[in-house]
Amino acid sequence: MRAIQTTGLGLLLASVLAVSATAQTVTVPARGQTVPVGTVAEDAADDPAIWRDPRNPERSLIVGTDKKAGLHVYRLSGESVHFTPAGRVNNVDLVDLGARGVLVIASDRNDPARALLKLYRLNTRSGALAPVGEAEGGAGEAYGVCLAVIDRQVHAFSVLKDGQIVQVRLDLVRDKASGTFVRKLSVPSQAEGCVVDNRTRTLYVGEEKAGVWVFDARPDGPSEGRLAIRADGVQLVADVEGLALATEGRTGGWLVVSSQGDNAYALYRLPELTPAGRFRISGGELGSTEETDGIALALGRFSRAYPDGLFVAQDGDNAPDAQNFKLASWAEILKAVRAAAP
């Protein structure tokens with residue numbers, strides 16, 4: 001038999017087959033869900049953030065945006081224990097600063113020509129949010145936001161709809177917070193989701209039609225980024241939306257990306273960003289997730305349902321009810337993905 005040389009079309013076919021094998025999609029059920037947001041019959045729920053209570057993990061909290069109305073705070077049971085009217089707030093993030101409390105930030109798009117960053121302190125007992133200030137987020141419509149702690153300073157990355165990314169140093173003095181412009185980054189077109197790996201000081205930003213960009217998150221770092229993950233239509237299907245991290249050791253773990261175009265989530269192994277599988281939330285009594293915008297992921301034990309981490313995803317089609325957020329077990333996700341690995 002004549003040997004077949006892997007050249008030209010053969011190389012392309014081998015590459016496609018390799019990507020297809022990586023792109024096998026597993027399903028995991030939702031183990032919980034929040035009550036629907038208050039805005040009905042509209043695209044309203046958008047982005048979650050998770051605070052894990054280290055002393056009593058079952059008392060952990062989830063902050064989620066109703067991007068037409070304000071911010072909800074939920075228990076793991078899904079009940080809303082607090083709502084802050086804030087109008088058009090799009091994305092949310094938080095950071096636990098220990099003795100200085102839990103800082104929550106939301107991207108405010110009430111003025112499409114002037115992005116603002118709204119700052120709150122989270123009462124971890126009651127779930128209430130107390131406003132502590134605001135910061136300028138750039139000239140344009142606010143979309144994404146994420147926080148980082150770099151050299152003991154809290155930094156916010158304000159992602160504007162047109163692809164601008166404004167880095168802001170947040171100054172926290174007692175019960176007041178403000179911000180100072182640091183530098184500006186950008187991607188070529190509409191962007192939203194972002195997340196920072198504090199270990200490696202790496203900023204990941206989703207460009208909706210193109211993929212995921214990587215930047216140096218340090219305030220004095222180079223401003224040029226690189227498109228590290230492309231929306232190839234197989235492993236990652238545009239629109240690219242929310243991003244989340246599960247860190248492991250000094251540089252390892254996973255980056256999770258909302259592959260909104262096919263109602264799935266794409267995993268990449270850190271630090272090389274190697275494709276590491278895909279999953280969907282489906283098949284359980286609570287229904288599936290579709291058209292997911294924001295996602296959040298926190299490691300550690302939360303409860304029997306979430307023994308090694310909690311994954312939260314916005315559900316864009318929770319009919320007949322309004323949109324909400326679904327909760328899934330990170331341990332269950334990893335088990336399913338690893339079982340399907342070639």
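Guide: Let us begin with a definition: a strand is a DSSP run of E of at least two residues, and strands are numbered from the N terminus. Please keep in mind that this is a predicted model.

Visitor: How do you know where Ala41 is placed?

Guide: The strand β2 covers residues 32–33, and Ala41 falls in the loop between β2 and β3. Strand β3 covers residues 45–51.

Visitor: What makes the phi of Ala41 worth noting?

Guide: Phi of Ala41 is near 60°, a positive value in a residue other than glycine. Most residues other than glycine have a negative phi. Glu291 is treated likewise, with a positive phi near 50°. Its place is in the loop between β22 and β23.

Visitor: Why is Glu291 called partly exposed?

Guide: Glu291 has a relative accessible area of 48%. Buried means under 20% and exposed over 50%, with partly exposed in between. Since 48% falls in between, Glu291 is called partly exposed.

Visitor: Which residues does a cis peptide bond with omega of about 10° join?

Guide: That bond joins Ala238 and Asp239. Asp239 lies in the loop between β18 (226–230) and β19. The peptide bond from Leu270 to Pro271 is also cis, with omega near 0°. Pro271 is found in the loop between β21 (264–270) and β22 (274–281). In general, most peptide bonds are trans.

Visitor: Why is Val212 called buried?

Guide: The relative accessible area of Val212 is 0%. Buried means under 20%, and therefore Val212 is buried. Val212 lies in strand β17 (residues 211–216). Beyond its neighbours within four places in sequence, Val212 is in contact with residues including Tyr204, Leu227, Val240 and Val257.

Visitor: How far apart are Val212 and Leu227 in sequence and in space?

Guide: The two are 15 residues apart in sequence, and their C-alpha atoms are 5.9 Å apart in space.

Visitor: What makes Cys194 a buried residue?

Guide: Cys194 has a relative accessible area of 9%. This value is under 20%, so Cys194 counts as buried. Cys194 belongs to strand β15. Among its contacts beyond four places in sequence are Val145, Cys146, Phe157 and Leu243. Cys194 and Tyr143 are 51 residues apart in sequence, with a C-alpha to C-alpha distance of 10 Å.

Visitor: With which side chain does the side chain of His72 make a polar contact?

Guide: The partner is Ser80, at 3.0 Å. His72 lies in strand β5 (residues 70–75). With a relative accessible area of 8%, under the 20% limit, His72 is buried. Residues touched by His72 include Val37, Ile62, Asp66 and Phe83.

Visitor: Which residues lie nearest the centre of the largest pocket?

Guide: They are Ile50, Asp93, Leu94, Val195 and Leu297, out of 39 lining residues. Two or more lining residues come from each of β3, β7 (89–96), β11 (142–150), β15 (191–197), β19 (240–248) and β23 (295–299). Strand β19 gives the largest share, seven residues. The lining divides into 24 nonpolar, six polar and nine charged residues. The volume of the pocket is about 820 Å³.

Notes
Residues are numbered from 1 along each chain as its sequence is written. This is a predicted model: local features need pLDDT of at least 70, side-chain atom pairs count only at pLDDT 80 or more; totals for chains, interfaces and linings use all residues. Side-chain values use heavy atoms; hydrogens and water are left out. On a 1 Å grid over the protein atoms alone, a cavity is a set of points where a 1.4 Å probe fits but cannot get out, and a pocket is an open set with protein on both sides within 12 Å along at least five of seven lines; lining residues have an atom within 4 Å of a point. Grid points are joined across faces, edges and corners, and a volume is the space filled by probe spheres set on the points. Helices (H or I, at least four residues) and strands (E, at least two) are DSSP runs, numbered from the N terminus. Ala, Val, Leu, Ile, Met, Phe, Trp, Tyr, Cys and Pro count as nonpolar, Asp, Glu, Lys and Arg as charged, and the others, Gly among them, as polar. Buried means under 20% relative accessible area, exposed over 50%, partly exposed in between (1.4 Å probe, protein chains only). A polar contact is a pair of N or O atoms within 3.5 Å; within protein, one must be able to donate a hydrogen and the other to accept it, and residues adjacent in sequence count only if both atoms are side-chain atoms. Contact means heavy atoms within 4.5 Å.
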